[in-house]
Amino acid sequence: MSATPTLTQDTPSRQGGIETRSIDYVPENERHGRVADQGPFWFLGNFQFFTIAIGFVGPSMGLSLGYTALAGIIGILFGTLFMAFHASQGAELGLPQMIQSRAQFGYRGVSLVLIGTLVTFIGFNVVDTVLLSAGLNGIFGWNITAVTIGMAIIAALFAIYGHDCLHTIFKLCFYVSLPLYIILTGAILTGHAGGAAPTIVGFSWVAFIGQIAASASYNITYAPYVSDYSRYLPRNTRPVSIITAVMFGASSSAIWLIILGAWLATRLGASDGLVALHQAGDAVFPGFGSIVSLASVVALIATMGLNAYSCMLTILTGIDSFRPLNPTRSARILTVIAVAAIWTGLSLKCPSDAIGLLFATLTVMLYLLVPWTAVNLVDYFVVRKGRYAITNLFMPDGGIYGMWQSRGLLAYAIGFIITIPFAVLPEIYTGPIAKMLGGVDIGWLVGLIVSGSVYALLSRSLDLKTEETAIAKSEAELKSMQVAVPTEASAVPVMDDMWK
């Protein structure tokens with residue numbers, strides 16, 4: 001443990017308002033926040049016009065409003081279930097999600113999985129930027145390059161200030177955005193937001209399953225970093241409370257805006273979420289479209305900060321896996337700046353086909369992340385039941401978890417490979433089995449089932465009794481270095497009680 005200063009008691013969590021911790025363990029005496037804040041936080045995470053664009057996927061493939069809404073609901077509920085269960089890990093372990101994944105893939109082996117998460121974070125911010133800059137250019141005529149650079153600077157600042165700053169910004173955006181969307185939705189339901197008779201009334205299984213996959217992947221892609229924002233909660237917070245809060249918050253806003261997006265696509269013929277939002281808002285009363293559009297822009301920039309923050313954690317985890325890293329404030333600031341420069345450069349070179357770019361990005365993310373989420377959740381909830389030797393996750397020799405964990409890596413590889421024959425990337429690749437199914441994409445579902453099943457089977461040989469010795473030693477070391485601050489949650493049963 002001496003090579004990684006993760007358990008010192010005298011390091012404050014913030015200096016000058018900027019968070020100091022990154023990939024290190026959050027001591028119990030620095031834990032704060034409430035479960036009640038997790039719901040609004042993740043509600044706002046989906047409460048912007050990027051989510052509206054998810055509702056364009058089905059109509060762009062000929063799917064009607066009703067079927068798009070149904071597919072969106074199915075996909076979101078399915079994807080959010082995985083996201084919510086990952087969220088419960090943060091409070092119990094006090095670690096970023098990908099540090100915890102060392103237990104399944106090894107101290108260095110996790111770096112292979114980090115590639116997929118890195119693609120996810122940067123991919124999301126590239127798509128966000130393309131959607132924002134094109135929308136603001138279409139509405140106000142703002143220069144695309146200037147908007148792209150300006151948004152990157154603001155999002156990077158949010159990420160640099162870190163965890164508490166992001167929670168505060170999200171809370172403010174939540175209270176501003178909610179009444180605006182309530183007014184807009186009410187106007188749509190009462191016929192005061194414009195629109196015409198539906199131009200898209202069809203159905204096909206390809207489009208229906210495609211909308212389910214896009215919706216499911218939208219929240220599954222939060223899985224690698226959802227616990228990054230619950231890791232400051234008191235350790236004895238009830239897992240079921242976190243799961244419920246995140247499930248309700250992230251799913252309700254996504255379902256709401258996907259249906260709204262489907263309405264905009266089928267009634268207004270929209271292909272740009274921000275422009276359509278502006279058009280529908282101005283139909284309510286002049287100027288309202290600009291207000292609701294700009295509120296959504298701010299919310300999406302905050303979400304870009306969220307992605308940048310977790311991308312920084314991913315990169316530092318990868319570096320630390322090969323060269324023990326002192327996770328200083330300077331290291332995290334420089335990493336955020338580098339990440340912002342990368343997504344800005346990629347955004348300026350991306351095509352303006354926002355819907356095509358969005359669908360392709362979500363599909364690739366789904367293929368990369370589904371095997372990981374299956375392995376991680378099976379390990380946490382079925383195999384080890386939430387019990388880990390936290391100090392061993394920082395040992396340069398891998399501790400009891402080793403440098404490379406063949407079980408996790410093999411399960412991930414098999415799950416990903418089995419996806420390929422079922423995969424569908426429009427205009428790029430369609431697997432042989434997908435062709436037999438008429439172009440219906442179920443590759444992600446197959447990958448999920450296979451990865452989880454293979455890992456559960458391989459884990460039957462794990463010696464969990466030997467691990468108990470390391471866990472007991474780890475817990476003793478943590479307690480000797482920390483004195484937990486009493487909280488209102490101190491009377492709540494600890495996580496182990498959930499398994500009894």
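Two residues are in contact here when they have heavy atoms within 4.5 Å of each other. Everything below comes from a predicted model, where local features need pLDDT of at least 70, side-chain atom pairs count only at pLDDT 80 or more, and totals for chains, interfaces and linings use all residues. Residues are numbered from 1 along each chain as its sequence is written, and side-chain values use heavy atoms, with hydrogens and water left out.

Leu184 makes a handy way in. Leaving out residues up to four places away in sequence, Leu184 touches Leu260, Leu277, Ala280, Gly281, Val284 and Phe288. Leu184 sits in helix 9, which covers residues 163-189; helices (H or I, at least four residues) and strands (E, at least two) are DSSP runs, numbered from the N terminus. Leu184 has a relative accessible area of 1%, so it counts as buried (buried means under 20% relative accessible area, exposed over 50%, and partly exposed in between, with a 1.4 Å probe and protein chains only). Between the C-alpha atoms of Leu184 and Gly79 there are 27 Å, and along the chain these two are 105 residues apart.

Zooming out, the chain has 19 helices and four strands. Its C-alpha trace spans about 65 × 55 × 45 Å along the principal axes. A compact globule of 500 residues would have a radius of gyration near 23 Å, and the chain agrees with that at 22 Å; this radius is taken over C-alpha atoms, and the globule rule is 2.2 Å times the number of residues to the power 0.38. Of the 500 residues in the chain, 60% are buried. Looking at contacts between residues at least 6 apart in sequence, 86% join residues at least 24 apart.

What about the inside? In soluble globular proteins, nonpolar side chains tend to be buried together. A nonpolar core is a set of buried Ala, Val, Leu, Ile, Met, Phe, Trp, Tyr and Cys residues joined through side-chain atoms within 4.5 Å. The largest such core in this model has 136 residues, and those with the most contacts inside it are Trp42, Ile52, Leu264 and Trp343. Helix 13 gives the most to this core, with 16 residues. Trp42 has contacts with Met83, Tyr222, Val226, Tyr229, Val246, Gly249, Ala250, Ser253 and Leu306, setting aside its neighbours within four places in sequence. Another core lies apart from the largest one; this other core has 17 residues, among them Trp372, Leu409, Tyr412 and Tyr455.

Grid points are joined across faces, edges and corners, and a volume is the space filled by probe spheres set on the points. The structure holds three cavities of 30 Å³ or more.

The largest cavity has about 60 Å³ of space. Its lining includes Gln48, Phe50, Phe124, Asp128 and Tyr218. Helix 7 (110-140) and helix 13 (288-322) are the elements that give two or more residues to this lining, and helix 13 has the largest share, with three. By class, the lining divides into six nonpolar, three polar and one charged (Ala, Val, Leu, Ile, Met, Phe, Trp, Tyr, Cys and Pro count as nonpolar, Asp, Glu, Lys and Arg as charged, and the others, Gly among them, as polar).

The second largest cavity has a volume of about 50 Å³. Among the residues lining this second cavity are Pro96, Gln97, Met98, Phe121 and Thr317. Helix 13 turns up here too, giving the largest share of the lining with four residues.

The second largest pocket holds about 280 Å³ of space. It is lined by 20 residues, of which Gly33, Arg34, Asp37, His167 and Lys171 are the closest to its centre. Helix 9, the helix of Leu184, gives this pocket the largest share of its lining, eight residues.

Most residues other than glycine have a negative phi. Lys385, however, has a positive phi near 50°. Lys385 is in the loop between helix 15 (354-383) and helix 16 (406-419), and counts as partly exposed because its relative accessibility is 39%.

Key. On a 1 Å grid over the protein atoms alone, a cavity is a set of points where a 1.4 Å probe fits but cannot get out, and a pocket is an open set with protein on both sides within 12 Å along at least five of seven lines; lining residues have an atom within 4 Å of a point.
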